[in-house]
Amino acid sequence: MKTTDVRVRRAIAAVAAGHPVVLTDDTAPDTDGHLVFAADGATPKLLAFTIRHTSGYVRVALPGDECERLNLPPMCHTNGAEFGTAAHRVSVDYHGPGTGISATDRARTIAALASADSAASDFLRPGHVVPAHARSGGVLERQGPIEAAIDLVRLAGRRPAAALCEIVSLDRPTAMARRRELFEFAVAHALPIVSIGELVAYRRRTEPQVVRLAETILPLSGGDSRVIGFRDVRAAGPGGEHLAVIIGTVGPGMPVPLHVHVECLTGDVFGSAACRCGGELDSALSTMAAQGGGVIVYLRPAGSLRACGLPESDSPATDLTSETVAWILRDLGVYTIRLSEETPGFGMVMFGGIREYGLRAAG
C-alpha cells in the first residue's frame, strides 16, 4: 500500500473514532494547517483542546443543502463569488444557557449543526461558530480545507459536517503554524497528519472517475466492434467524453493490446499532414483487427478543442489522462495490457500513470 494512502486511512480512522487530525495544504509552503474533527463528535474537552491550540475561529463545513435547510445565508458576497470568503455563512449559537463562547457552548452548537434533527429555529444569529458551505464534489472540485474536512468525515462514515480551525504557532504566538511546526504539533499530540493533496490522490485512486453513458455495435473497417461511451464524473463544460472500442474478444486473465488515442480534430477527421494522429489511429485499428482483438481508448479531455496545427489547441494533462484510461479499463475488467507499438513513448508514459491503479503490462 502506498505510504500516502496509509496516512489518509489513519486520518479517516481517527475521525471515525471521534479524534482530531492535522490537515495541511501541500500546494504552497506557507499555508496554514488546520485541526479537523467530526462535528457530530464535538465535546467540551475536544473544543477546549481546539481553542487552546488554534486561532479559536472555529468553522463547521456543511453541504449546501444543509446550509439551506438550517437557513444559513452567506456572511458576505464578494463580487458575486459563491465560494472563498463567501462560503462562510452567518455565525450561529445553539439555543440554551450560556453566552455561546465557552467550550461547552460551542461544542453544543457544533454538534447541533451536524444533527439531522436540528432546525433553523434552534439557532441564534449571529453567534460564535461559523458554518461554511463546502462544494459538493469535495477536494475533487475545490482543493480547499473546507472541502478536505468534509471529505474526511464522509470517508469516515460520520455525518457530513466537520469542524476545523487554524493551528497557531507555538514559537511565534502571533502567527500561524507552518509546515515544520504542524508536523511537530501532530507528533507531540499523537495526531494523524494528512495533506489536501494526499486526500485528492486517494479519492482519485479509490473512487471511479468515469461513468458509462451508452453502448453499441459499430461497423468499422476491420469488422463490427463493440463501442462503449464514458464520461468523466465531474466534467464541466465541453469534452470529458470518451470511447472504448473493443475489437474482437477481450477479457480478464489475458493480456489485452491497448492503444490510447487523444482526440485530434485536424488529424482524425481531416487527415491533416501536420501530425501523425490520424495515421496512428488507422494503423492501430488495422493491427488489432488483424491480430483478432484489442482495445482502443479514444479520449476527449475536458477543456479546449485539441487539434494539431491550431495555435489555441490544448494538450491534456498526462496524469489526468492516465487516470481516465485506468478507470475505463477497470470498468471493462481489463487488468493486464500490452502496449501499442504505434505510440511507444506515449504508451510508456501512460502506463507509468495507470499502473498505480492495479494494471499490469505483459512482457
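Predicted model: local features only at pLDDT ≥ 70, side-chain atom pairs only at ≥ 80, totals over all residues.
Student: Which residues of helix 2 and helix 4 meet?

Tutor: From helix 2, Pro 44, Leu 47, Ala 48 and Ile 51 meet Ala 103, Thr 104, Arg 106, Ala 107 and Ile 110 of helix 4. By class, the residues of this contact divide into seven nonpolar, one polar and one charged.

Student: What describes two packed helices?

Tutor: Two packed helices are described by the angle between their axes and the distance between those axes. In the present case, the axes of helix 2 (residues 44-53) and helix 4 (residues 103-114) come within 8 Å and cross at roughly 110 degrees. Because angles of 65 to 115 degrees count as roughly perpendicular, helix 2 is roughly perpendicular to helix 4, and their crossing is right-handed.

Student: How should I read burial, and how many residues of strand 6 are buried?

Tutor: Buried means under 20% relative accessible area. Five of the five residues of strand 6 (residues 162-166) are buried, so the strand is largely enclosed by the rest of the structure; Ala 162, Leu 164 and Glu 166 cover one side, with Ala 163 and Cys 165 on the other.

Student: Which strand does strand 6 join through five bridges?

Tutor: Strand 2 (residues 34-38) runs antiparallel to strand 6 and is joined to it by five bridges, with Phe 37 standing opposite Ala 163. Strand 3 (residues 59-63) also pairs with strand 6 in the antiparallel sense, over three bridges, and there Ala 61 stands opposite Ala 162.

Definitions and conventions: Residues numbered from 1 in each chain as written. Heavy atoms only, no water. Buried < 20%, exposed > 50% of the residue type's maximum accessible area, 1.4 Å probe, protein only. Helix = DSSP H or I, 4+ residues; strand = E, 2+ residues; numbered from the N terminus. Pairing = 2+ DSSP bridges. Axes fitted to C-alpha atoms, helices over the stretch in contact; angles between N-to-C directions. Parallel < 35°, antiparallel > 145°, perpendicular 65-115°, else oblique. Left-handed = near helix turned anticlockwise from the far one by under 90°. Contact = heavy atoms within 4.5 Å. Nonpolar A, V, L, I, M, F, W, Y, C, P; charged D, E, K, R; others polar.
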